[in-house]
Structures are given as structure tokens and as C-alpha cells.
Amino acid sequence: MEASQLSPPPPSNSPKTLYQHHPFNLNNNNFQATQDSSSPISLPAMNNNLQLHADHKSKASKPFLPLLLVNYFCLFVGSVSSTLLSKFYFNHKGSSRWLSTWVQSAGFPLLIIPIYLPFLLKCTERRPFTHFTHKIFILSILIGLMLGLNNLLFSWGNSYLPVSTSSLLLSSQLIFNLILSVIIVKQKITFSNLNCVILLTLSSILLALASNHDKPSGLTRGKYFIGFFSTIGAGFLFALYLPLMEMIYKKVYCYQMVMEMQLVMEVAATALASVGMALDRHGGISEIKNESRRVFEGGPTVYWVTVFFNVVTWQLCFMGTAGMVFLTSSLTGGVCMTALMGMNVLGGVLVYGDVFGGVKAVSTVLFGWGFSSYVYGLYVKMKEEKAKEKSNQGVMEMVNDSV
């Protein structure tokens with residue numbers, strides 16, 4: 001909107017904000033002001049409110065790169081630390097899978113910081129939960145319940161499998177993510193994508209057929225495969241979660257709203273885990289107290305410290321994941337998660353002494369091959385987009401010169 005199209009403000013009144021007078025059309029991740037002849041505004045008021053509704057997804061936006069780096073750091077620290085802490089809990093005779101599920105989402109109060117801090121520090125004029133509609137609220141609850149089921153499957157698998165095995169299996173979420181992204185958000189299939197899917201599928205099948213020899217002592221073959229397929233199921237649900245969130249984030253224009261949705265989702269997931277804990281006779285609330293005092297190796301202090309840091313690290317992981325999907329795409333978020341699987345495998349081998357024999361070595365090579373193919377495909381795509389953008393700019397300059 002040009003300044004010449006704006007009516008001058010009444011001299012007797014101070015300019016009122018665009019937010020108060022002008023509706024916003026939420027379309028393609030941007031808010032566009034529609035002029036209202038009955039409500040005159042000033043150019044400074046419009047500029048202030050464009051900052052109020054800044055599109056954090058725009059790579060030209062100043063907050064984009066800092067937000068991207070902060071979220072990937074949270075994802076890195078949260079993913080590696082939470083996986084190792086969860087295994088520490090089970091290795092020291094912790095047995096409550098509902099507690100392990102609960103800690104994955106119980107850190108939702110920490111999201112109050114990124115939701116309210118920018119407003120309190122006057123970094124933005126947007127009040128928390130502005131434009132948070134009933135539809136977004138209901139969708140957040142439904143996806144939160146799905147996330148709670150995903151957390152339960154992950155806990156079930158992690159209680160049976162070595163960290164290195166479960167981490168490699170969870171890398172299959174990239175396969176599901178690619179397929180579901182094609183269906184839900186119309187992601188294009190390229191040679192690098194297809195090559196990645198084939199290699200990672202072979203890697204998972206290889207683990208399924210030959211890696212059951214490294215199961216913990218005392219674990220039956222049947223329970224081992226329950227853990228195996230639970231982990232695969234967790235990978236599938238998480239892969240479904242990513243493109244669903246990308247589709248919803250197309251109607252979200254700022255990072256604070258992403259954190260608000262994440263808060264509602266994790267409240268729903270925590271409620272599901274809390275109900276499960278209350279109904280489970282063997283892993284309920286009363287049993288958790290008994291476990292911390294009599295069963296857990298290290299005593300109650302180590303037990304509750306482990307639980308606390310598990311809550312914090314899982315929150316960092318999911319916060320980073322949500323931010324990466326919002327700022328980039330579901331497929332890129334899945335790639336970042338997959339890239340961290342190698343760190344989880346290394347952590348399991350170094351910290352817990354997980355066996356890393358020939359089968360896992362071959363599987364890891366296939367995994368690395370497929371991942372490298374995908375990253376190279378992204379590089380080629382970005383290079384083509386930059387070349388196309390430069391070509392378009394050249395055409396525009398020629399048109400402007402001719403005019």
C-alpha cells in the first residue's frame with residue numbers, strides 16, 4: 001500500500017493502530033492489510049503494526065537466522081540428552097513407561113518463557129494468544145493426543161532396545177516423513193529423495209533381521225520385537241506429525257503462535273500420560289514413589305534429578321522441532337532429526353557400551369549414504385532456486401530500464 005493511498009489522520013486524535021481498525025487476511029504465511037475507508041490510519045501506525053505481525057518465516061526478516069540457530073541448538077541438545085537420560089533411567093532399574101512418557105511433555109510450563117518474554121521485553125506488541133482461534137485450539141489438542149501416543153511408543157521401545165539400535169530405527173521416520181510429505185504437503189519426489197528412502201529402508205530391514213542378538217540380558221525375543229515395532233510405530237507417528245504441523249503452520253505468521261500451539265499440544269499429551277499413570281497398577285503414581293525409594297539404583301535424589309532433567313531436555317527437543325518445521329519445512333525438520341541419530345548412536349556406544357558390531361556398521365554406512373544423497377539433493381535444489389532468482393531479478397531490471 002503506497003503512502004499516497006492513505007488518508008491523513010484526524011488532527012484532533014492520535015493515530016489508532018492498524019490492528020484496531022484494519023482486518024488482516026491470513027494468506028500464504030503473510031498478513032495483508034485491507035484498506036477501510038471508514039477508519040483512516042497513518043503511515044507510522046501501519047509500519048508499527050507490520051512489525052507487530054512480522055513474518056518470522058521470511059528469510060529477509062532479522063529474527064529468522066537467530067531463531068533458526070537457537071531452535072537447532074535446542075533440538076541438538078534436547079535430542080541427544082533426552083535419549084541418554086531415558087536409557088539411564090531404565091538401566092538403573094526404572095520401569096515405569098508411563099513416567100517415561102509423561103516426562104516427554106510435562107515440561108510445557110517452560111514454553112511460557114518464549115511465549116510471554118518477547119511481549120514483556122517489548123520486543124513485540126503482539127499479546128500472547130492473539131488470533132488463536134477455536135479451530136487452532138481443537139487441532140492442537142488432537143495433534144497433542146497423537147503426540148502423547150507417539151511418546152508412549154517411544155518409551156516402550158526405548159525400555160527394551162539399546163540406545164544405538166533404537167536411534168537407528170528412529171531414523172526410519174525420514175522415510176515415512178518423505179512419503180507423508182508427498183501426500184499431505186505435495187512434496188516433490190526427486191532421485192535423491194528416492195535413493196534416500198531405498199537405502200534407509202534397507203538399513204532398517206537389516207537391523208530387524210540381524211540385530212536382536214544385542215538385546216539386554218533377561219529380555220525375551222518376543223519383548224525385543226515388541227520394542228522394535230514400537231520404535232518403528234513411534235517413527236511413523238512422528239513423521240505424520242511433522243507434515244501435519246507444516247500444513248497448519250501455513251496459517252501461522254509468528255514464532256510466538258507456534259509456541260502457543262506447542263503449549264496446548266503438550267498439555268494434551270501430558271493429560272493422556274497422567275491418565276495412563278493413574279490407571280496403571282504397576283506403573284502408577286504410588287508405584288513411582290516406591291520405585292524411587294527401593295528399586296532405583298542411586299537412591300531417591302538421583303531418581304528425581306534424572307526425572308527433572310529428562311523433563312527439561314525433552315522440552316528442548318520438541319521446542320526445537322516445532323521451530324525448525326515452522327522456519328523451514330517438515331522434510332527439513334525430519335532431516336535435522338535424522339542427522340542427530342548418528343550422535344545418539346555414538347552416545348549409546350560411548351556412554352553405555354552398546355555393541356556396535358558388523359551389522360550396525362553396515363546399517364550405519366547405508367544410513368549415511370542415504371542421508372548424504374538427500375543433503376546433496378537439497379544443495380542442488382537451493383542452487384537452482386538461487387540461479388532462477390538471479391535470472392528473474394535480471395529480467396525485472398531490464399523491464400525497469402526500458403520503462
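Colleague: Is Arg-126 buried or exposed?
Modeller: Buried, at 5% relative accessibility. Buried here means under 20% relative accessible area, exposed means over 50%, and partly exposed is in between, using a 1.4 Å probe and protein chains only.
Colleague: Which residue does Arg-126 form a salt bridge with?
Modeller: Glu-260, with the closest N and O atoms 2.9 Å apart. The cut-off for a salt bridge is a side-chain nitrogen of Lys or Arg within 4 Å of a carboxyl oxygen of Asp or Glu. Glu-260 is buried too, at 0% relative accessible area.
Colleague: Where do Glu-260 and Arg-126 lie?
Modeller: Glu-260 is in helix α11 (residues 255-279) and Arg-126 is in the loop between α5 (112-120) and α6 (134-160), so the bridge ties together parts 134 residues apart in sequence. Helices are DSSP runs (H or I, at least four residues), numbered from the N terminus.
Colleague: Before we go on, what should I know about the model?
Modeller: It's predicted, so local features need pLDDT of at least 70 and side-chain atom pairs count only at pLDDT 80 or more, while totals for chains, interfaces and linings use all residues. Residues are numbered from 1 along each chain as its sequence is written, and side-chain values use heavy atoms, with hydrogens and water left out.
Colleague: How many salt bridges does the structure hold?
Modeller: There are 2. One of them joins Lys-93 to Glu-297, with the closest N and O atoms 3.6 Å apart. Lys-93 sits in the loop between α3 (64-91) and α4 (97-102) and Glu-297 in the loop between α12 (285-295) and α13 (299-327), so this pair ties together parts 204 residues apart in sequence.
Colleague: How accessible is Lys-93?
Modeller: Partly exposed, with a relative accessible area of 48%. Glu-297 is also partly exposed, at 36%.
Colleague: Switching to rings, how many aromatic pairs are there?
Modeller: The structure holds 14. Rings of Phe, Tyr and Trp (its six-membered ring) pair if their centres lie within 6.5 Å; planes under 30 degrees apart are stacked, over 60 edge-to-face, and the rest tilted. Among them is Phe-176 with Phe-236, edge-to-face at 5.3 Å centre to centre and 85 degrees between the planes. That pair links helix α8 (residues 173-184) to helix α10 (residues 221-249), with Phe-176 and Phe-236 60 residues apart.
Colleague: Which residues do ring pairs link into a cluster?
Modeller: Phe-88, Tyr-89, Phe-296, Tyr-303 and Trp-304.

Notes:
Helix = DSSP H or I, 4+ residues; strand = E, 2+ residues; numbered from the N terminus.
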